[in-house]
Amino acid sequence: MRKLINAPADVVPDALRGLAAAHPSLRVDGASGTVMRADAPRAGKTALVSGGGSGHEPLHAGFVGHGMLDAACAGEVFTSPVPDQIIAATMAVNGGAGVLHIVKNYTGDVLNFRMAAELAEDEDIEVTSVVVDDDVAVEDSTYTAGRRGTGATLFVEKIAGALAEEGADLAAVAAVAREVNERSRSFGVALSPCTVPAAGEPTFELGEDEMELGIGIHGEPGRERVRAGTAAEIVDAALTAIDADLPVSGSELLVLVNGMGGTPLIEQYVAYAAAAEWLSGHGATVARPLVGPFVTSLEMAGCMISVCRLTPELTRLWDAPVETPALRWGR
Amino acid sequence: MNAADLAGWIRHAATLVSADAERLTRLDAAIGDGDHGLNLDRGFTAAVEAVDALPGDAPPSKVLIAAGRAIVSKTGGASGPLYGTALRRAGKAVADLPDVDAAALGAALTAALEGVQELGQAAEGDKTMVDALIPAVAAYEAALAGGADLTSCARAAADGAAQGAEATVPLQARKGRASYLGARSTGHMDPGASSTALILRALADVTVEG
């Protein structure tokens, strides 16, 4: 498939150069693959660092800015950043109040962030890690590596970022990040695979009339392949899976209908309409909706639905001002 | 094996990984996200550069540790920390020996396995690189106990790893990205076990040549 790239090996550095040129509020260190707030480090502020493989844009670099992340590290496409990158980002934004690492539960991300956290200790930087694992498509048992971290990463970064912006200490910011994760669930559906630039071939093949249920965000196959359905059927499959794990009835919800990268916004709104109707039919209130491609998988078509059961405090933090390339309100 | 032999192992492993990168990536595409060959090729290329940059009198431990560090800092994914830790632990295990004999190499491989298991928390049967590494170390130790020389021990380890990798085909993954596929992960060889077999084959090859 044809991609808008110069060379497969240059995709990430070229994209970072573009990001730097397009957003003067950010500082980009191409050598370490780190994207920082231009005003980092800020003395006394708990710093938030996240990161992961590239190809999920705007996650994570698009969420760097006021009220959200202090830095993001961009790994190769779908490959976690390496410890050198993570420690460079951590040191660059540490304002003396410690650093929260927000890590999606993928083995590579977890191992590289763990090695980086050890290196940070050697530098006398206090690091706390929160692992996001919201994906109900994966059974959480002692026999698996646990659920994947997917769409709710956005919720965790926004809400923890808001609390850190208010001046909360590392322990409090980590606690709210864990609370958001515990109250959030996601489920994704793919209508087409995606192609990693360096590999040049789709990560899996789907027939014209097929879809993958329970996908993650790395172009990997899902838990089941079924006949493609209508938007309402797809939304029903996703929300039924979420509701079975975390009943939504009686909850005030934050709801994200997330495009996977290759699905136009018109279809995402079709899905959102179905989701809003499904949720109200199941006794839930959508208190805060968000629709758009925020946690993507290159050009994969499909959508992921994420919900978070809000509390008044979480709603307040969600509403707090944010100013990043991809999320911006109240400021 | 002296430092030059171990550097030869890293170079030969890099050659085999590079030659087989496409196959490893294909295996990974079946049950993961299809980048294992690309990542490991990048890591071993960096490992060769790091080994080549060492002073001529660097001891064996430094060769392994430098290669491991380079892999951690260039590979990413799960394979970077796991292979990097394996080589660094192997390097630490040979300490300041100027020459690594059969017993010392066995101890180094055991230390590598322990490092991988500590970090990855995988057990035998989880369908990971551990499924190649455990039989490799067991075969090495058995050969050593039977009085075999280093070459025969390394060959036994390579055969053990290859059989271990083959045996991952019917398994259902319980660790790593393949575990997210559940029952759909069966019927494919684990890419990590497959690359482990390659790297131990490289070891057997250089000990024969040496």
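**Figure 1. The interface of chain A and chain B.** In this predicted model, 35 residues of chain A are in contact with 29 residues of chain B. The area buried between the two chains is about 2400 Å². Carbon and sulfur atoms give 58% of that area. Thr79(A), Leu111(A) and Met115(A) supply 20% of what chain A buries against chain B, more than any other three residues. The size of an interface is often given in this way, as the accessible area lost when the parts come together.

**Figure 2. A salt bridge between the chains.** Two salt bridges are found across the interface of chain A and chain B. Glu212(A) forms a salt bridge with Arg184(B). The closest N and O atoms of Glu212(A) and Arg184(B) are 2.9 Å apart.

**Figure 3. Val72(B) and its surroundings.** Val72(B) lies in helix 4 of chain B, which covers residues 60–75. With a relative accessible area of 8%, Val72(B) counts as buried, because the cut-off for that class is under 20%. Leaving aside neighbours within four places in sequence, Val72(B) is in contact with residues of both chains. From chain A these are Val82(A), Pro83(A) and Met115(A). From chain B they are Gly80(B), Pro81(B), Gly84(B) and Thr85(B). The C-alpha atoms of Val72(B) and Tyr83(B) are separated by 7.6 Å, and the two residues are 11 apart along the chain.

**Figure 4. Helix 5 of chain B.** Helix 5 of chain B runs over residues 79–93 and has 15 residues. From its first C-alpha to its last it reaches 21 Å, close to the 21 Å expected at 1.5 Å a residue. The helix is mostly covered, with 11 of its 15 residues buried. Among the buried residues are Gly80(B), Pro81(B), Tyr83(B), Gly84(B) and Thr85(B). Ala95(B) follows helix 5 of chain B and has a positive phi, near 45 degrees.

**Figure 5. The sheet of chain A.** Six strands of chain A form an open sheet in the order 1-2-4-3-5-6, with mixed pairing. Strand 1 (26–29) and strand 6 (127–132) of chain A are the edge strands, each pairing on one side only. Neighbouring strands of the sheet are turned by 20 degrees against each other on average, direction ignored. Strand 1 and strand 2 (residues 34–37) of chain A pair in the antiparallel sense over four bridges. Within strand 2 of chain A, Thr34(A) stands opposite Asp29(A). Helix 3 (residues 107–122) of chain A packs on the sheet and touches strand 3 (47–54), strand 5 (99–104) and strand 6 of chain A. The direction of helix 3 makes about 165 degrees with that of strand 5 of chain A.

Notes:
Residues are numbered from 1 along each chain as its sequence is written. Chains are lettered from A and ligands numbered from 1 in the order in which they are written. This is a predicted model: local features need pLDDT of at least 70, side-chain atom pairs count only at pLDDT 80 or more; totals for chains, interfaces and linings use all residues. Side-chain values use heavy atoms; hydrogens and water are left out. Helices (H or I, at least four residues) and strands (E, at least two) are DSSP runs, numbered from the N terminus. The expected span of a helix is 1.5 Å times one less than its number of residues. Buried means under 20% relative accessible area, exposed over 50%, partly exposed in between (1.4 Å probe, protein chains only). Two strands pair if DSSP finds at least two bridges between them. Axes are lines fitted to C-alpha atoms, for helices over the stretch in contact, and angles run from 0 to 180 degrees between N-to-C directions. Contact means heavy atoms within 4.5 Å. Buried area is the accessible area (1.4 Å probe) that two parts lose on being put together, summed over both. A salt bridge is a side-chain nitrogen of Lys or Arg within 4 Å of a carboxyl oxygen of Asp or Glu.
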